[in-house]
Amino acid sequence: MENYKRLLTENINKIRENMKNAALRCGRNIDDIKLCAACKTRSNEEVKLSAELPIDIFGENHVQELTEKYEYGAYMGKECHFIGHLQTNKVNKVVGKADIIESVDSERLLEKINSAAEKLNITQDILFEINIGEEESKGGIKKDELVRFAEKASGYKNIRLRGLMAIPPFDAAETETRAFFKEMYELNEKLKSMNLKNAKIDTLSMGMSGDYEIAIEEGATIVRIGTAIYGARDYSKK
């Protein structure tokens with residue numbers, strides 16, 4: 001594990017340096033941008049090891065992995081976000097454990113999250129996932145539905161909308177990806193201008209291992225990085 005930790009350290013240091021340089025290029029403060037380690041398929045031990053390094057947030061795609069690592073103490077007290085598709089029948093297992101649920105994309109999910117948070121007497125932070133590339137194969141809210149969803153969310157007392165999340169099409173050219181990120185920033189600014197109740201619009205989660213520098217240049221406050229930190233995933237483990 002010592003060799004693996006050395007590799008993680010090198011990878012994270014490189015990513016941090018790239019993040020800093022991207023922030024400098026566009027005149028942003030690097031302290032305003034957080035590194036989220038997308039730790040899907042990674043073991044409790046791998047995540048706990050990486051939690052000793054300069055990672056700000058851990059992002060989980062699967063409910064079972066989140067609950068296992070949460071109970072194991074793998075996150076070492078650091079923030080955990082749920083970034084995958086969340087089924088309504090599993091909401092109770094995530095609310096109160098995830099600091100932010102980033103992938104909210106339906107009114108039914110809003111209702112279930114609010115109900116679960118109300119039972120725990122907490123306020124659950126959320127992001128809306130936007131289907132920015134309008135891909136039929138992906139979940140997410142359509143751009144023209146954002147205002148309606150935001151107004152709906154503002155009516156729930158146990159939900160706090162923090163901003164937006166997106167995954168642009170994987171096959172998009174760099175210029176297209178940048179345009180998608182720019183559009184996401186504009187949508188987030190639109191949310192801010194609405195002065196919604198029960199909202200604090202301060203988060204824009206976008207950018208992954210292949211495009212996080214572009215995302216930072218276009219306004220991301222969270223970049224979600226997996227393989228560039230941990231290496232290629234071995235899906236046979238899950």
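Reader: Okay, got it: contact means heavy atoms within 4.5 Å. With that in hand, which residues in helix 2 meet helix 3?

Author: Good place to start, and keep in mind that this is a predicted model. From helix 2, Asn44, Glu45, Val47 and Lys48 take part, and they meet Glu68, Lys69 and Tyr72 in helix 3. By class, this contact has two nonpolar, one polar and four charged residues.

Reader: At what angle do helix 2 and helix 3 pack?

Author: The angle is about 60°, and the axes of helix 2 and helix 3 are 10 Å apart. That is why helix 2 counts as oblique to helix 3. As for handedness, helix 2 passes helix 3 in a right-handed crossing.

Reader: And how does helix 1 pack with helix 2?

Author: Helix 1, residues 2-25, packs with helix 2, residues 44-51, at an angle of about 50°, and their axes are 10 Å apart. The two are therefore oblique to each other. Their crossing is right-handed.

Reader: Which residues make the contact there?

Author: Helix 1 brings Tyr4, Lys5 and Leu8, while helix 2 brings Glu46, Leu49 and Ser50. Sorted by class, the residues of that contact are three nonpolar, one polar and two charged.

Reader: How many residues of helix 2 are buried?

Author: Six of its eight residues are buried, which leaves helix 2 mostly covered. Those residues are Asn44, Glu46, Val47, Leu49, Ser50 and Ala51.

Reader: What about helix 3, which of its residues are buried?

Author: In helix 3, residues 63-72, the buried ones are Val63, Glu65, Leu66, Thr67 and Lys69. Their cover includes helix 2, strand 2 (57-60), strand 3 (79-82) and helix 4 (91-94). Have a look at Gly73 as well: just after helix 3, Gly73 takes a positive phi of about 85°.

Reader: Where do the side chains point in a regular strand?

Author: In a regular strand they alternate between the two faces of the sheet. In strand 5, both faces are covered. One side has Gln124, Ile126, Phe128 and Ile130, the other has Asp125, Leu127 and Glu129, and all of these are buried.

Reader: Which way do strand 4 and strand 5 run, parallel or antiparallel?

Author: They run parallel, and three bridges join strand 4, residues 100-104, to strand 5. To find your way on the model, look for Ile100, which stands opposite Asp125 in strand 5.

Reader: How many bridges are there between strand 5 and strand 6?

Author: Seven bridges, and strand 5 and strand 6 also pair in the parallel sense. Here Leu127 stands opposite Gly163 in strand 6. Strand 6 itself covers residues 159-166, and seven of its eight residues are buried, so it is largely enclosed by the rest of the structure.

Reader: Now some single residues. Where is Ser154?

Author: Ser154 sits in the loop between helix 6 (146-153) and strand 6. Its relative accessibility is 13%, so Ser154 counts as buried, since buried means under 20%. Not counting residues up to four places away in sequence, Ser154 touches Leu196, Lys197 and Asn198.

Reader: And why does Thr177 count as buried?

Author: Thr177 counts as buried because its relative accessibility is 6%. You will find Thr177 in helix 7, residues 174-193. Leaving aside neighbours within four places in sequence, Thr177 is in contact with Pro168, Ala172 and Asp211.

Reader: One more: what does Met206 touch?

Author: Not counting residues up to four places away in sequence, Met206 touches Ala166, Phe181, Met184, Ala215, Glu218, Gly219, Ala220, Ile222, Val223 and Arg224. Met206 lies in the loop between strand 7 (199-205) and helix 8 (212-217). With a relative accessibility of 0%, Met206 counts as buried.

Reader: How far apart are Met206 and Arg162?

Author: In sequence, Met206 and Arg162 are 44 residues apart, and in space they are 14 Å apart, C-alpha to C-alpha.

Technical notes: Residues are numbered from 1 along each chain as its sequence is written. This is a predicted model: local features need pLDDT of at least 70, side-chain atom pairs count only at pLDDT 80 or more; totals for chains, interfaces and linings use all residues. Side-chain values use heavy atoms; hydrogens and water are left out. Axes are lines fitted to C-alpha atoms, for helices over the stretch in contact, and angles run from 0 to 180 degrees between N-to-C directions. Helices (H or I, at least four residues) and strands (E, at least two) are DSSP runs, numbered from the N terminus. Angles under 35 degrees count as roughly parallel, over 145 as roughly antiparallel, 65 to 115 as roughly perpendicular and the rest as oblique. A crossing is left-handed if the near helix is turned anticlockwise from the far one by less than a right angle, and right-handed if clockwise. Ala, Val, Leu, Ile, Met, Phe, Trp, Tyr, Cys and Pro count as nonpolar, Asp, Glu, Lys and Arg as charged, and the others, Gly among them, as polar. Buried means under 20% relative accessible area, exposed over 50%, partly exposed in between (1.4 Å probe, protein chains only). Two strands pair if DSSP finds at least two bridges between them.
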